[in-house]
Amino acid sequence: MNTAPAPAPAVESVSAAAGSARRRSAELEEEIRRAPDRFRVMTGDRPTGPLHLGHYFGTLHNRVRLQDLGVDVFVIIADYQVLTDRDVADRLTGHMEAMLLDYLAVGIDPERSTVFNHSAVPALNQLMLPFLSLVSVAELNRNPTVKDEIAHSRQSTVSGLMFTYPVHQAADILFCKGNLVPVGQDQLPHLEVTRTVARRFNERYGAVFPEPDALLSAAPLLLGTDGTKMSKSRGNSVALGATADETARLIKGARTDAERHITYEPETRPGVSSLVLLAALCLDRDPHAVAEEIGGGGAAALKRTVTEAVNTRMAPIRARRAEYARDMGYVRSVLRAGNERAREIAGATLDEVRGAMGGVL
């Protein structure tokens with residue numbers, strides 16, 4: 001058996017890697033429709049603040065779609081990873097419970113999907129040690145996603161947890177032998193680390209892990225109300241838990257531009273186009289048609305259209321969220337059950353890894 005790490009694959013250009021991922025994603029969608037039970041999806045969020053409309057249209061809606069198709073979906077509340085780019089985990093319990101409410105409200109079904117939190121599955125983290133031995137410092141240092149996250153980090157210095165974040169994600173994905181990971185284009189380098197870890201472990205110790213595929217998200221980019229990237233930490237988003245009045249106030253303050261006639265031109269009119277797109281997504285319509293309908297109505301008409309569309313689309317989700325919030329005992333029981341299943345699977349995987357490695361863990 002070859003004990004030397006496999007050489008790192010040649011670095012593809014970003015566009016080439018994305019093109020390859022798009023083609024493979026189209027194939028995967030066909031395979032999912034034919035045999036959803038062949039797939040196990042791993043996805044999740046860090047509990048650093050309220051989930052917002054960008055999360056809903058970017059990831060949450062897709063998770064529910066995959067679940068409803070019959071895919072085995074695992075959703076991790078990555079509480080340990082809160083510390084990758086900050087010194088303390090503020091209001092962690094509150095953020096986790098709010099996230100659970102959002103998951104249930106949008107349609108994550110605990111009978112068909114497994115929701116768990118990172119810190120409740122110690123065996124998962126024990127995979128980090130052998131996984132770290134399979135990648136080099138140079139490889140981690142070249143990861144463009146890590147470089148970008150470090151550049152935007154809240155920390156004055158880079159922690160070891162931030163630097164090894166891709167390997168931590170590899171453990172999250174591989175502990176349950178996830179073979180499908182919905183990602184945006186910017187997350188492809190992270191997933192490539194997971195694939196490298198799985199391949200090198202299998203070559204060194206024997207076949208244990210799948211090499212997971214990326215299911216590239218086709219979700220369009222929604223900007224925040226200030227015209228920059230929508231973010232939980234920037235105060236520029238509409239939270240899923242926001243009331244109708246709060247939503248109206250936030251959209252009223254959104255940045256547009258001086259041109260009165262409304263058009264959908266994302267490259268030249270990003271603020272206006274993001275609002276048009278948000279209305280179109282909520283209405284299940286083409287953004288060009290929405291813009292044409294508003295026409296010379298200006299920013300005021302645009303914001304009225306967006307507010308009505310968002311509040312109509314979110315009304316049933318808000319109602320379900322409020323209903324679940326009245327029974328937090330049930331909400332917490334969902335997490336307990338998910339944690340139990342995740343612990344069982346992680347323990348079995350760790351036993352398999354120990355056997356393959358000769359009991360060294």
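**Aromatic pairs and a helix crossing**

Good morning. The count of aromatic pairs in this structure comes to eight. Please bear in mind that the model is a predicted one.

I begin with F74 and F116, whose rings form an edge-to-face pair, with 6.3 Å from centre to centre and 75° between the planes. This pair joins distant parts of the chain: F74 belongs to strand β2 (residues 72-77) and F116 to strand β3 (residues 113-117), 42 residues apart. F74 has a relative accessible area of 0% and is therefore buried. F116, also at 0% relative accessibility, counts as buried.

F116 has a further partner, F175. Here the ring centres are 5.5 Å apart and the planes stand at 65°; planes over 60 degrees apart count as edge-to-face, so this pair is edge-to-face. Again distant parts of the chain are linked, since F175 lies in the loop between α9 (165-174) and β4 (180-183), 59 residues from F116 in strand β3. F175 is buried, its relative accessible area being 0%.

Elsewhere, ring pairs connect F131, F201, Y205 and F209 into a cluster.

I turn now to the helices. The axes of α2 (residues 53-69) and α14 (residues 298-325) come within 13 Å and cross at roughly 60°; the two helices are therefore oblique to each other. The crossing of α2 past α14 is left-handed. Which residues make the contact? On α2 they are L53, Y56, F57 and H61, and on α14 they are V310, R313, M314 and I317. Classified by type, this contact has six nonpolar residues, one polar and one charged.

Thank you.

Note on methods. Residues numbered from 1 in each chain as written. Predicted model: local features only at pLDDT ≥ 70, side-chain atom pairs only at ≥ 80, totals over all residues. Heavy atoms only, no water. Axes fitted to C-alpha atoms, helices over the stretch in contact; angles between N-to-C directions. Helix = DSSP H or I, 4+ residues; strand = E, 2+ residues; numbered from the N terminus. Parallel < 35°, antiparallel > 145°, perpendicular 65-115°, else oblique. Left-handed = near helix turned anticlockwise from the far one by under 90°. Contact = heavy atoms within 4.5 Å. Nonpolar A, V, L, I, M, F, W, Y, C, P; charged D, E, K, R; others polar. Phe/Tyr/Trp six-rings, centres within 6.5 Å; stacked < 30°, edge-to-face > 60°. Buried < 20%, exposed > 50% of the residue type's maximum accessible area, 1.4 Å probe, protein only.
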